[in-house]
Amino acid sequence: MSDRGKVFVALFSGINVGGNRIVKMAELRSFLGELGFADVATYVQSGNAVFRAGRGDAASLTRQLEAAFEKKWGFHSRIMVRDLGWFERLVKENPYPDVARDPAKLHAYVLERAPTADEIARLAEKCTGPESFEVKGDVLYLHAPDGLGKSVFANLIPRTLKVPGTARNWRTVLTLLEMAGQASGN
């Protein structure tokens, strides 16, 4: 970590969906700045933020952000905080490199923890359509050939896997990696 701090990405879940739980990105950037984070940037309205923290790791920053967020906005948002190295591995370990050219058909679910073998097996039993998935650590990669919106399986993932997480399409993943890399000077 440089003396300027370490770069992190925060993925907010359940905000700005269907006109509910509205959080303006300018307010989110201001909020993160008020918490002492630097070089804050957001990407699209679904709650993606890149920032630099002078201290703390992903787990402690997650707890800090979730508590402060709920206090400010009055509702809970599950937040996944990951560092730049984690995002680099996410992209490097993509088991569907040929699908990455069509980012609407590839999604990464950032999970709170790595699922157990039993949890993955239970999910695999439900994967009977055109979709395919692979779990690597705390990431579930989903190839949805007809897109996420038409995927019946995608809707089954949260309640079948029972590991909290939040999904991002591949375009968002790549953009956040680029933003974090620029913020770190890479």
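Phe-12 is buried, and so is Phe-69. Buried means under 20% relative accessible area, exposed means over 50%, and partly exposed lies in between (1.4 Å probe, protein chains only). This is a predicted model: local features need pLDDT of at least 70, side-chain atom pairs count only at pLDDT 80 or more, and totals for chains, interfaces and linings use all residues. Residues are numbered from 1 along each chain as its sequence is written, and side-chain values use heavy atoms, with hydrogens and water left out.

**Aromatic rings**

- A pair of aromatic rings is described by the distance of the centres and the angle of the planes.
- Rings of Phe, Tyr and Trp (its six-membered ring) pair if their centres lie within 6.5 Å. Planes under 30 degrees apart count as stacked, over 60 as edge-to-face, and the rest as tilted.
- By this rule there are 10 aromatic pairs.
- Phe-12 and Phe-69 have ring centres 5.6 Å apart and planes at 45°, so this pair is tilted.
- The pair links distant parts of the chain: Phe-12 is in strand β1 (residues 6-12), Phe-69 is in helix α2 (residues 58-73), and they are 57 residues apart. Helices (H or I, at least four residues) and strands (E, at least two) are DSSP runs, numbered from the N terminus.
- Phe-133 and Phe-153 form a stacked pair, 5.6 Å centre to centre with 25° between the planes.
- Phe-133 lies in strand β6 and Phe-153 in helix α5 (residues 152-161), so this pair ties together parts 20 residues apart in sequence.
- Phe-133 counts as buried at 16% relative accessibility. Phe-153 is buried too, with a relative accessible area of 3%.
- One aromatic cluster is formed by Phe-12, Phe-31, Phe-69, Trp-73 and Phe-75.

**Charges over rings**

- A charge sits over a ring if NZ of Lys or CZ of Arg is within 6 Å of the ring centre and within 35 degrees of the ring normal.
- Lys-72 lies over the face of Trp-73, 5.3 Å from the ring centre.
- Arg-82 lies over the face of Trp-86, 5.1 Å from the ring centre.

- Strand β6 (residues 132-136) has a covered face, Phe-133 and Val-135. Its uncovered face holds Ser-132, Glu-134 and Lys-136.
- β6 runs antiparallel to strand β7 (residues 139-143), and 5 bridges join them. Two strands pair if DSSP finds at least two bridges between them.
- Phe-133 stands opposite Leu-142 in β7.
- The hairpin has 2 residues between its strands, and Gly-137 in the turn has a positive phi of about 65°.

**Ile-120**

- Ile-120 sits in helix α4 (residues 117-126). Ile-120 is partly exposed, at 25% relative accessible area.
- Leaving aside neighbours within four places in sequence, Ile-120 is in contact (heavy atoms within 4.5 Å) with Pro-115, Phe-133, Val-135 and Leu-161.

**Nonpolar cores**

- A nonpolar core is a set of buried Ala, Val, Leu, Ile, Met, Phe, Trp, Tyr and Cys residues joined through side-chain atoms within 4.5 Å.
- The largest such core has 24 residues. Those with the most contacts inside it are Val-9, Leu-11, Val-50, Phe-87, Leu-90 and Leu-176.
- Helix α6 (170-184) is one of the elements that supply at least two residues of this core. α6 gives the most, with 7 residues.
- This core draws at least three residues from each of domain 1 (6-86 + 174-185) and domain 2 (89-169). Domain bounds come from an automatic or database domain assignment.
- A second, separate core of 21 residues includes Phe-37, Ala-49, Trp-73 and Val-81.
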